Each structure stands twice: as structure tokens, then as C-alpha cells.
Amino acid sequence: MTPAAVPTVPFFDYRKLFTQEEAELVAIFRDVGRRGAFILQNDLARFEANLGHFLGADRVLGVANGTDGLLIALRAAGIGAGDEVIFSSHTMVATAAAIHFAGAAPVAVDCGPDHLIDPEAVTAAITPRTRAILPTQLNGRVADMDALARIAQRRGLTIVEDAAQALGASFKGRKAGTFGSAAAISFFPAKVLGCLGDGGAVVARNNVVFERICQLRDHGKSADGEIVSWGLNSRLDNLQAAILDYRLGSLERSIDRRRAIARRYRSALGEVGEIVLPPGPDQDPDHFDVYQNYEIEAERRDDLREFLRARGVGTLVAWGGKAVHQWERLGLTASLPATERLMARSLMLPMNPGLSDGDVDYVAAGVRGFYR
Ligand SMILES: *Cc1c(COP(=O)(O)O)cnc(C)c1O
């Protein structure tokens, strides 16, 4: 007798990113290769224009990755030595690293019940040296940008957005990446729009910031090829841009699928008292969420994770289980009770457009089974 196949739902299947459209991707590689179009070519320019159109933004530039994008966005927004930048500790370490490498001091603050930067905590952290607020639009949801804009305006601060996880998300009809002086987006393979390697983009509010970004990503070169400032080499590969431009064509469909999965989790798990789910996709007309991740809060989180693992379900405890300020060697001393409580309870359930309804039901049945 052959044993019945045990269903498994991996947390994320990186191979699928290639195999589900292998023929199209190979054709793109062949086309770009035969043209010898590797650095700063038309495919990149076309992708930047199309991404700008998608975002409702005129000034978008591809960069090597989201982390570089944040550093470049901060520098282009005028942030540097002696400045303090306020960020939510409930984020990837890259957010704070970008502030550090911009020459400024990262100031970690707590998150609110929505898992995003808490505007009251921002206000409390402002000092005479504060220059900018760096909200992370985490898990594909935009923070309360009305509240942050009010604080920024009243206190004369700049906003730079970490929109690495929020391409396509919006708040009151405005897309993530278009709220601040500058913003960064990531195309890491597992992101909402992923390439086959590292990639990122920066969005600029005005021409001054845009010019600085152009220079920072390409050796300090001005449009006519003169070196006019110190710059980096942080260009988005033309090949990755060609792949991203192709995938941009199905981004809305893929976001719809993520939202349908969130709806399905919610209807299957809404009654489980021991967990807290992210807001549903139809819950608040001010927010359009893209569900980069599906982060739940769970009682007995580690036991739940092990229970699911034994049933073939992959989950993730993000960032090694710690918020940024909890990595002691980075030297960010802070006591952030909401963030610390969340980090002990946070669990990412599988969330990507490759999941079938059956996969989602199987994961949900596992969660219900654990608490029954
Ligand atoms: C992915 C991510 C980044 C960094 O993007 P990379 O392209 O991997 O450098 C920064 N911030 C957040 C919140 C992210 O999720």
C-alpha cells in the first residue's frame, strides 16, 4: 500500500518564481542578451516609466536593491550627519541600516495595534536634531499618513517612506511611495513584485530630489555625463528591469489574488479567539492593502508553529524573531513594549499568489486544529 500523499504548503517556493513562466523569462533573457543591453538601457527606462504610471508618480528610478534605495532616498532628501531619523523598530534591519549609512542616527519607536509606526510615539521621540520620519509601510499596508503628515508639517520634518513591502497599497486613494520627499521599493524575489535577484526603485517628490537620486545611483553623473557629486554604483540591472516590466503587466491580478487569500483566511480563522488577524481587505475604505505578508498574532506562537510544521505547513518568524532595537550590538537602546509583545506573538502564515484555495484551507484547518 502506498501511503497517501501528505499535503505540504511551503512558506514560499522560490523555484516557482522561475518555473511558472520559464518560457517567457528565457525569451526575455535571450532578447536582452542578443541586444547586449545590460546597463542603463531602454528596458530600464521603459520599466521606470511604466512603474511611475502605475504609482501615479512622475519620477521613478531603478536602483540595485531596496536597501540602497532607502539610503539614496535619505541622502537625496538631504539627510546626513548630525540628523536623527525616527523609524518603527517593527521593520527589517535594512530600514535602520540605511539611516545609519546615510550618516544619521536611527531613533527606534513603537508600533501601534496596526503593527505600523505609532504617530504618538513619533511625536514623543522628536528632539531638536530630528530631521525626518521614516515610516515602513509594512506587510503591504500604509501607515496613517494623515497623522504623520500633520506631525511633519507642524515640526518641520521630512518624510521618507520605506515602501519596500507596499507596492500597490494605498491610503485614501494615494499609493505607497508617493507621500514623502522620497521613497524606496524593493523587488527582492519574494516581494509583491519580485525579480530574479536583487532590485529596487526610488520615487522622488520633486526635480531636485530626482536629480540627486540620478547622480547617487550612477557615480555622481549629471545628465550630460559630467561628474558633479560623489555617487555610488547602484543601478537596477537592465535584465532585471525587463523581467520586472513583464511582470508589472500582471501585478494587479497578483494583488487581487493576495487579497482573495486574505479574505479566505479571515473567513476560516475569524472566530479563533487565540489569534489576531490582519485587517480584512474590505474592512476600511481608507486602506487598500496588498498583503505582502500575512502577519498574525498568536498565543503559544512557537507551539503553533511546530504543530503546523509537523503537518507540512511552513511559517515564518520574521527577522530572526527580533525587532531592530532588540539586536543589542546595533546599540539602539530603547524600551518599546508594544513592539516587544508583538515580536513574541508574531507569525507569518503562507501568503503568495501561488497558493491555491486548497492550500489556504489546509493552513487554516491546521491553525484551527491546534487551538481546538
Ligand atoms: C525587503 C525590505 C527592505 C530591503 O529591500 P532589499 O531589496 O532586500 O534591499 C527594506 N525594508 C523592508 C521593510 C523590507 O521588507
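Is Ser 88 buried or exposed? Let's start there and then tour a few other spots in this predicted model.

**Figure 1. Ser 88 in strand β2 and the residues around it.** Ser 88 belongs to strand β2, which covers residues 84–88. Ser 88 is buried, because its relative accessible area is 1% and the cut-off for buried is under 20%. Setting aside residues up to four places away in sequence, Ser 88 touches Val 109, Cys 111, Ile 117 and Leu 134.

**Figure 2. Helix α3 packs with helix α9.** Here you can follow residues 42–55 (α3) and residues 238–248 (α9), whose axes lie 8 Å apart at an angle of about 40°. The crossing of these two helices is left-handed. On the α3 side, the contact is made by Asn 42, Asp 43, Leu 44, Arg 46, Phe 47, Asn 50, Leu 51 and Phe 54. Helix α9 contributes Asn 238, Ala 241, Ala 242, Leu 244, Asp 245 and Leu 248. By type, the residues of this contact divide into 8 nonpolar, 3 polar and 3 charged.

**Figure 3. The largest nonpolar core and Leu 51 within it.** This core has 48 residues, and those with the most contacts inside it are Phe 47, Leu 51, Leu 55, Ile 133, Leu 148, Leu 167 and Phe 187. Several elements each supply at least two residues, among them α3, β3 (105–109), α6 (119–125), α7 (145–155) and α10 (251–269). Which element gives the largest share of this core? That is α3, with 5 residues. For a closer look, pick Leu 51: leaving out residues up to four places away in sequence, Leu 51 touches Val 60, Leu 167, Phe 187, Ala 201 and Leu 248. Apart from this core lies another one, of 33 residues, including Leu 61, Ile 72, Ile 99 and Ala 184.

**Figure 4. A buried salt bridge between Arg 247 and Glu 21.** The two side chains meet at 2.6 Å, N to O. Arg 247 sits in helix α9 and Glu 21 in the loop between α1 (16–19) and α2 (22–35), so the pair ties together parts that are 226 residues apart in sequence. Both Arg 247 and Glu 21 are buried.

Figure 5. Glu 84 is buried, with a relative accessible area of 12%, whereas Arg 129, at 44%, counts as partly exposed.

**Figure 6. Asp 146 and Lys 172 form a salt bridge.** The side chains meet at 2.4 Å, N to O. Asp 146 is in helix α7 and Lys 172 is in the loop between β6 (170–171) and β7 (174–175), a link between distant parts of the chain, 26 residues apart. Asp 146 is partly exposed, with a relative accessible area of 30%, and Lys 172 counts as partly exposed at 47%.

**Figure 7. A network of salt bridges.** To finish, look for Asp 31, Arg 35, Asp 43 and Arg 46, which are linked in this network. Asp 43 and Arg 46 also take part in the contact of α3 with α9. The model's count comes to 19 salt bridges.

Technical notes: Residues are numbered from 1 along each chain as its sequence is written. This is a predicted model: local features need pLDDT of at least 70, side-chain atom pairs count only at pLDDT 80 or more; totals for chains, interfaces and linings use all residues. Side-chain values use heavy atoms; hydrogens and water are left out. Helices (H or I, at least four residues) and strands (E, at least two) are DSSP runs, numbered from the N terminus. Buried means under 20% relative accessible area, exposed over 50%, partly exposed in between (1.4 Å probe, protein chains only). Contact means heavy atoms within 4.5 Å. Axes are lines fitted to C-alpha atoms, for helices over the stretch in contact, and angles run from 0 to 180 degrees between N-to-C directions. A crossing is left-handed if the near helix is turned anticlockwise from the far one by less than a right angle, and right-handed if clockwise. Ala, Val, Leu, Ile, Met, Phe, Trp, Tyr, Cys and Pro count as nonpolar, Asp, Glu, Lys and Arg as charged, and the others, Gly among them, as polar. A nonpolar core is a set of buried Ala, Val, Leu, Ile, Met, Phe, Trp, Tyr and Cys residues joined through side-chain atoms within 4.5 Å. A salt bridge is a side-chain nitrogen of Lys or Arg within 4 Å of a carboxyl oxygen of Asp or Glu.
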